[in-house]
Number of protein chains: 2
Amino acid sequence: MKPVKTGLLGLGTVGGGVVTVLTGNAHEIARRAGREVVISHAAAKEYDAGAIQGLDQVDRITDDGFAVVNDPDVEIVIELIGGYSPAKDLVLQAIENKKHVVTANKAMIAVHGNEIFSAAQEQGVTVAFEAAVAGGIPIIKAIREGLVANRIHWAAGIINGTGNFILTEMRDKGRDFADVLQEAQERGYAEADPTFDVEGIDAAHKLTIMGSIAFGIPLQFEKTYTEGITRIEQQDVAYADELGYRIKHLGIARRVDAGIELRVHPTLIPARRLIANVDGVMNAVLVQGDAVGPTLYYGAGAGSLPTASSVVADVIDVVRALTTDPENRVPHLAFQPDSMSDLAVLDMADVSTAYYLRMQAVDRPGVLSAVTTILGNLGISIEAIIQKEPEADASHVPIIMLTQRVLERNMNSAITQIEALDTIDGSLHRIRVEALD
Amino acid sequence: MKPVKTGLLGLGTVGGGVVTVLTGNAHEIARRAGREVVISHAAAKEYDAGAIQGLDQVDRITDDGFAVVNDPDVEIVIELIGGYSPAKDLVLQAIENKKHVVTANKAMIAVHGNEIFSAAQEQGVTVAFEAAVAGGIPIIKAIREGLVANRIHWAAGIINGTGNFILTEMRDKGRDFADVLQEAQERGYAEADPTFDVEGIDAAHKLTIMGSIAFGIPLQFEKTYTEGITRIEQQDVAYADELGYRIKHLGIARRVDAGIELRVHPTLIPARRLIANVDGVMNAVLVQGDAVGPTLYYGAGAGSLPTASSVVADVIDVVRALTTDPENRVPHLAFQPDSMSDLAVLDMADVSTAYYLRMQAVDRPGVLSAVTTILGNLGISIEAIIQKEPEADASHVPIIMLTQRVLERNMNSAITQIEALDTIDGSLHRIRVEALD
């Protein structure tokens with residue numbers, strides 16, 4: 001059979017990796033797919049030609065993305081520019097031209113995915129996006145296809161490698177957040193502007209996508225609760241350890257009776273859970289299905305070649321489905337477009353979790369009792385308390401508590417009341433706790 | 001669209017689970033697949049009707065499997081009888097009748113898969129077998145599709161839950177092999193005849209399949225090195241711990257220059273590896289691809305509903321591919337039939353690994369030197385030695401060594417020579433060591 005011609009948009013980290021994998025493993029890929037896959041046309045504004053192995057095998061390179069998506073020879077467009085513009089316009093133009101699209105662009109899918117998939121559906125083409133969530137881990141395929149027989153209860157993932165690297169270093173080496181962040185930037189794990197990583201926005205893009213394919217709800221990035229790791233202090237990491245927990249930055253999608261929870265935040269999880277031991281820049285996603293029980297998927301969540309691995313897998317999937325009736329293809333969001341769910345995404349105040357609380361109290365009798373009374377009046381049960389001896393010259397002592405599961409709305413009230421006590425100094429720190437069982 | 005009609009062979013643990021999942025999650029499955037899937041005809045010699053939820057929704061139940069595979073209304077045959085006969089005859093008859101087949105039968109695929117796939121290929125039908133390896137974990141899909149862009153270097157899995165349960169209990173509770181095996185049998189994890197589990201045969205069936213889809217070699221169960229866990233003693237588990245390792249029963253498939261390694265045996269792995277922390281009856285497979293790096297897949301490796309999860313996922317995959325040209329479907333063994341590899345499976349003597357050695361030595365000067373001289377003469381480097389003080393009334397002391405990587409042929413010579421020393425008592429215990437990095 002004739003080679004499949006792809007058009008590549010972007011020759012940066014991931015684009016370069018795709019060139020390298022598609023050319024370097026061309027023989028292995030053809031042995032598997034039954035067809036050769038070539039890059040017949042690529043576009044990039046600027047790129048480092050010397051740094052991309054296999055670039056000499058790309059037939060034609062231009063600086064105009066639209067030349068690629070309008071090239072009649074190109075059957076599949078691979079979008080690896082990232083960001084919203086011009087990526088979205090190029091993808092929509094490719095779809096308009098009845099070309100299939102493969103993308104690693106989590107921001108574009110999370111924010112414009114509903115519009116893009118609807119256009120693809122109309123034109124009978126596929127938009128594949130395995131690389132948009134958890135890099136090289138085939139998690140989209142696992143949830144959409146491997147777990148198709150399950151009613152998914154929840155999925156929880158470490159889906160930002162930079163954040164996981166920072167939290168791992170804070171725990172393993174007792175380092176502070178700012179110090180590790182600087183190293184992450186120097187090592188190239190974190191961008192010069194680390195906001196997307198440490199404030200949870202990158203994870204929220206990915207979680208938005210995971211939630212949609214787990215429950216069949218439209219993409220709703222704007223409703224995903226997003227909290228970063230910038231307020232985690234070294235002492236929180238140490239106290240968590242003492243309590244038998246690890247702090248991980250999780251994206252959690254859960255189906256409850258009232259609706260769907262979509263939330264990204266630091267989370268205490270029991271240290272004995274496998275996912276609690278996923279360290280460094282690695283990613284992992286734990287999925288709970290009603291038939292299969294818990295399954296976990298682990299691997300590199302970023303990087304040139306791991307991400308390229310997922311991009312190329314999508315390309316082969318598209319090639320294999322070229323002769324399939326569009327209605328028999330795996331639906332973009334796992335569920336048939338006419339069978340999507342209208343379950344609402346819950347406001348964070350309506351979510352129930354357990355909590356880790358840390359506060360500074362005046363070292364005086366009755367303080368603890370005032371705090372526990374507030375919690376008790378709101379029906380909040382305490383699971384464990386750590387009260388440290390004050391240091392020699394200190395007038396304050398830290399109090400650490402683990403509570404049982406409670407509605408966030410009630411916890412917010414409790415925190416307001418506790419912070420108003422004149423025996424409590426400064427603000428109360430809270431981190432949500434999940435058993436993941 | 002019309003519901004897809006399946007025929008079910010076997011109503012035991014897994015067959016019953018498939019009935020329960022297909023009927024209980026019928027709505028969720030139809031929302032995803034776009035079509036309903038029903039069981040129009042089932043066959044079982046005997047079954048416990050009261051124990052199978054949803055059995056009343058099976059149109060027709062017979063005791064003749066051939067009535068199902070010859071039923072013109074059945075489009076997909078689901079074989080869950082297990083074993084070689086009559087399963088193989090039924091599957092071949094189904095293929096002859098141009099029906100697609102889904103099976104969980106690892107023994108049949110490992111031993112007769114080449115013949116079965118060749119027949120399926122001729123008739124243009126698919127034989128799907130996700131449930132044959134690692135139960136509910138979508139590992140076949142991950143390797144064949146998710147990692148399609150990779151040259152796989154190796155895969156290593158905990159793929160027998162009974163064995164992992166036994167080793168976990170031995171470590172966590174200091175119990176002996178025989179004691180835990182008895183409990184596993186009482187709890188239903190192990191069969192009355194536990195040979196398939198504890199001697200590694202079940203794991204070897206699964207590894208044979210994993211090796212074929214990782215490297216594109218024909219199924220060669222007879223060449224898979226198979227060693228069980230029956231010789232692991234409590235003291236080995238404890239010494240491994242002391243050295244920073246865990247003992248796991250692994251199936252390992254590796255591509256080296258000389259050929260393919262396919263081997264099932266107890267293995268010391270560094271305790272810090274994620275897979276070293278997969279405990280109890282859970283399974284996990286670690287796969288090393290050249291682009292993606294390491295990825296790990298974890299979940300239930302057996303049980304009614306988890307296995308049914310994989311069976312039903314296969315059914316939906318087959319349904320989706322019904323309108324695909326056969327040559328565009330995912331090949332049975334991941335590689336196109338005309339692109340299979342003829343790399344030889346290596347004899348165990350030609351495999352290199354590191355070793356854990358344990359021996360009983362007379363407590364006399366010069367013993368250790370005699371042992372290290374034998375190893376040194378064969379080019380075997382020692383990584384670590386533990387020599388315990390003799391107990392008060394004992395004339396012998398245990399010596400424990402970790403060696404560096406060496407050809408098994410040379411280690412066999414060393415062991416023969418060491419056992420011949422008159423200062424060494426009884427036989428030397430060896431367990432292979434893998435860094436899995």
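**Close-up views of a predicted two-chain model**

**View 1. The second largest cavity is lined by Leu167(B), Thr168(B), Arg171(B), Val237(B), Arg246(B), Ile247(B), Lys248(B) and Asp279(B).** This is a predicted model, where local features need pLDDT of at least 70 and side-chain atom pairs count only at pLDDT 80 or more, while totals for chains, interfaces and linings use all residues. Residues are numbered from 1 along each chain as its sequence is written, chains are lettered from A and ligands numbered from 1 in the order in which they are written, and side-chain values use heavy atoms, leaving out hydrogens and water. A cavity here is a set of points on a 1 Å grid, laid over the protein atoms alone, where a 1.4 Å probe fits but cannot get out, and lining residues have an atom within 4 Å of a point. The space inside this one comes to about 60 Å³ (a volume is what probe spheres set on the points fill, with points joined across faces, edges and corners). Helix H7 (161-173) and strand E9 (245-256) of chain B each hand over at least two lining residues; helices (H or I, at least four residues) and strands (E, at least two) are DSSP runs numbered from the N terminus. By class, the lining splits into three nonpolar, one polar and four charged (Ala, Val, Leu, Ile, Met, Phe, Trp, Tyr, Cys and Pro are nonpolar; Asp, Glu, Lys and Arg are charged; the others, Gly among them, are polar).

**View 2. The largest cavity has a volume of about 80 Å³.** Its lining includes Asp172(A) and Ala276(A). H7(A) gives the largest share of that lining, four residues. Sorted by class, the lining has four nonpolar, one polar and five charged residues. Searching the whole structure turns up three cavities of 30 Å³ or more.

**View 3. Helix H2 (residues 26-33) of chain B packs against helix H12 (residues 304-320) of chain B at an angle of about 35 degrees, with axes 11 Å apart.** Those axes are lines fitted to C-alpha atoms over the stretch in contact, and angles run from 0 to 180 degrees between N-to-C directions. Ile29(B), Arg32(B) and Ala33(B) of H2(B) meet Val312(B), Ile316(B) and Arg320(B) of H12(B), contact being heavy atoms within 4.5 Å. That makes four nonpolar, no polar and two charged residues.

Note on methods
On a 1 Å grid over the protein atoms alone, a cavity is a set of points where a 1.4 Å probe fits but cannot get out, and a pocket is an open set with protein on both sides within 12 Å along at least five of seven lines; lining residues have an atom within 4 Å of a point.
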